[in-house]
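Subject: Structure handover

Hello,

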Amino acid sequence: MHTLLTNLKININEKIYLKDPESSALGKRIVENSILLIDEIGFDAYTFKKLGAKIGSNESSIYRYFESKHKLLIYLASWYWTWLEYQLVFTTNSIENTTEKIERAITILTRTTTVDSNFSHINEVILKRIVINEYSKSYLTKEVDNENKDGYFLVYKRLVKRLHDMILAIDSNYPYAYSLSSTVIDGALHQHFLKDHFTTISDLKKEEAPTNYFKDLVFKSLNISTNE
């Protein structure tokens, strides 16, 4: 998979940004340092003025790339979901056994993230932490329906659809395939959050991913076993 991803370009909906941050050194610095700053102070406290001070650039130059910090958060989330989708596709595409395929998919979607050396300006570990802590702020807004129509959340929905299709490949009559799929993807973020912050209501150890829990949930829902 490493060879396949070496020349990968993450494509983001052009409506989310004003100028593609991947097209310039400044744009990449904006993305790289936004991730670091949001992780440091939180999205609510993050501003383009603070980012400008961090990277030694005028605030106005950042607005040439993103019209608001809300759009930047959607961009970061879209980047993460697209990166995760590529991993899912490359890892499962050649697997024919449906049980093995969905088991591998659940691992990809729920595991603890490691840094991908293919993208030097993005720390995927920190970005995953931002998605865990801040992603809901990108869609829990009054504008969500219009932004959904504009395709802002298309890659997330596409990821849900991919797992949905794997579920139906095992049981075409299962009536809650979308609900189960989104539960795995969103629930993984929530379980990562709980084990880091609300340890008294989490069954996971500090360094443990919720992978086994979601495998258990999906396999019992579909009445399958890992021995098939």
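A cavity, as the word is used here, is a set of grid points where a 1.4 Å probe fits but cannot get out. Please keep in mind that this is a predicted model.

Cavities

The count comes to three cavities of 30 Å³ or more. The largest cavity holds about 40 Å³ of space. Its lining consists of Ile74, Ala77, Ser78, Trp81, Tyr135, Ser138, Tyr152, Phe153, Val155 and Tyr156. Two elements, helix 5 and helix 9, each give at least two residues to the lining of the largest cavity, and helix 5 gives the most, with four residues. By class, this lining has eight nonpolar and two polar residues, and no charged ones.

The second largest cavity also has a volume of about 40 Å³. The residues around the second largest cavity are Tyr80, Trp81, Leu84, Leu109, Lys128, Ile185, Ala188 and Leu189. Here helix 5 and helix 10 are the elements named as supplying at least two residues each. Seven of the lining residues of the second largest cavity are nonpolar, none is polar and one is charged. Trp81 is in the lining of the largest cavity and also in that of the second largest cavity.

Helix 5 against helix 9

Both helices that supply the largest cavity with at least two residues each also pack against each other. Helix 5 covers residues 69-92 and helix 9 covers residues 154-170; the angle between them is about 25°, and their axes are 8 Å apart. Helix 5 is therefore roughly parallel to helix 9, as angles under 35 degrees count as roughly parallel. Their crossing is left-handed.

On the helix 5 side, the contact is made by Ser78, Trp81, Thr82, Leu84, Glu85, Leu88, Val89 and Thr92. Helix 9 brings Val155, Tyr156, Arg158, Leu159, Arg162 and Met166. By class, the residues of this contact are eight nonpolar, three polar and three charged. Among the contact residues, Ser78, Trp81, Val155 and Tyr156 also line the largest cavity.

The largest pocket contains about 320 Å³ of space. It is lined by 13 residues, and those closest to its centre are Thr112, Arg129, Ile132, Lys195 and Asp196. Helix 7 (124-134) and helix 10 (177-197) each contribute at least two residues to this lining; the largest share, five residues, is that of helix 7. Which classes do the residues of the lining of the largest pocket divide into? Two are nonpolar, five are polar and six are charged.

The second largest pocket has a volume of about 210 Å³. Its lining is made up of Val131, Ile132, Asn133, Tyr135, Ser136, Tyr139, Asp186, Leu189, His190 and Phe193. Helix 7 and helix 10 are again the elements that give two or more residues, but in the second largest pocket the largest share, four residues, comes from helix 10. This lining divides into six nonpolar, three polar and one charged.

Regards

Note on methods. Residues are numbered from 1 along each chain as its sequence is written. This is a predicted model: local features need pLDDT of at least 70, side-chain atom pairs count only at pLDDT 80 or more; totals for chains, interfaces and linings use all residues. Side-chain values use heavy atoms; hydrogens and water are left out. Axes are lines fitted to C-alpha atoms, for helices over the stretch in contact, and angles run from 0 to 180 degrees between N-to-C directions. Angles under 35 degrees count as roughly parallel, over 145 as roughly antiparallel, 65 to 115 as roughly perpendicular and the rest as oblique. A crossing is left-handed if the near helix is turned anticlockwise from the far one by less than a right angle, and right-handed if clockwise. Contact means heavy atoms within 4.5 Å. Ala, Val, Leu, Ile, Met, Phe, Trp, Tyr, Cys and Pro count as nonpolar, Asp, Glu, Lys and Arg as charged, and the others, Gly among them, as polar. On a 1 Å grid over the protein atoms alone, a cavity is a set of points where a 1.4 Å probe fits but cannot get out, and a pocket is an open set with protein on both sides within 12 Å along at least five of seven lines; lining residues have an atom within 4 Å of a point. Grid points are joined across faces, edges and corners, and a volume is the space filled by probe spheres set on the points.
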